[in-house]
Amino acid sequence: MKTVLRKYKIRSSVNLSVLLLSDLHARSADDAIRIAKEVRPDIITLAGDITETLGKTYHGHDESHDNSQGFRLMRECAKITKTFYALGNHEMRPSPENLQKILDTGIIFLDNSHTFITDRDGKTVC
């Protein structure tokens, strides 16, 4: 399945370019990484289901499922720009080992937490 890029322009007083990626489900990260490098957004948001499962079991998968592409995407996005990641329904309750892998990628992990984002002009967005 090919990664699809859809562009939207939202009129706002905020000067910010956002790339939102979701539902990779452990598939190849090549297209998503290529798009992130081409677009060069101000921030990247990984909005869940970047891996297939991170915890004990989910729909017959277990934590030994190959999530290397999801972790690769996290690492590569963190090299490009500030990257935020929130768990999806397939990734609930990550094992301690997978939680450490997430934290080691360099992304900002949002799990029952929040952060403030500023635009290119230094204005706080949210």
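## Sheet, helices and core

In strand β6, F84 has I108 as its bridge partner. This is a predicted model.

**The sheet.** Four strands make up an open sheet, in the order β1-β2-β5-β6. Their pairing is parallel. β1 and β6 (108–109) are the edge strands, and each pairs on one side only.

**The helices.** α2 lies across β1, β2 and β5. Its direction is at about 160° to β2. α2 also packs against α1, at an angle of about 5° and with the axes 10 Å apart. Angles under 35 degrees count as roughly parallel, so α1 and α2 are roughly parallel to each other. The residues that make this contact are listed here.

| Helix | Residues in the contact |
|---|---|
| α1 | D30, A32, I33, A36, K37 |
| α2 | Q69, R72, L73, E76, I80 |

By type, the residues of the contact of α1 with α2 are five nonpolar, one polar and four charged.

**The core.** The largest nonpolar core holds 22 residues. L21, I44, L46, L73, M74, Y85 and I102 have the most contacts inside it. At least two residues of this core come from each of β1 (18–21), α1 (30–39), β2 (43–46) and α2 (68–80). α2 gives the largest share, five residues.

What is L21 in contact with, leaving aside its neighbours within four places in sequence? The partners are A32, I44, T45, L46, A47, I50, L73 and C77.

Terms used: Residues are numbered from 1 along each chain as its sequence is written. This is a predicted model: local features need pLDDT of at least 70, side-chain atom pairs count only at pLDDT 80 or more; totals for chains, interfaces and linings use all residues. Side-chain values use heavy atoms; hydrogens and water are left out. A nonpolar core is a set of buried Ala, Val, Leu, Ile, Met, Phe, Trp, Tyr and Cys residues joined through side-chain atoms within 4.5 Å. Buried means under 20% relative accessible area, exposed over 50%, partly exposed in between (1.4 Å probe, protein chains only). Contact means heavy atoms within 4.5 Å. Axes are lines fitted to C-alpha atoms, for helices over the stretch in contact, and angles run from 0 to 180 degrees between N-to-C directions. Angles under 35 degrees count as roughly parallel, over 145 as roughly antiparallel, 65 to 115 as roughly perpendicular and the rest as oblique. Ala, Val, Leu, Ile, Met, Phe, Trp, Tyr, Cys and Pro count as nonpolar, Asp, Glu, Lys and Arg as charged, and the others, Gly among them, as polar. Two strands pair if DSSP finds at least two bridges between them.
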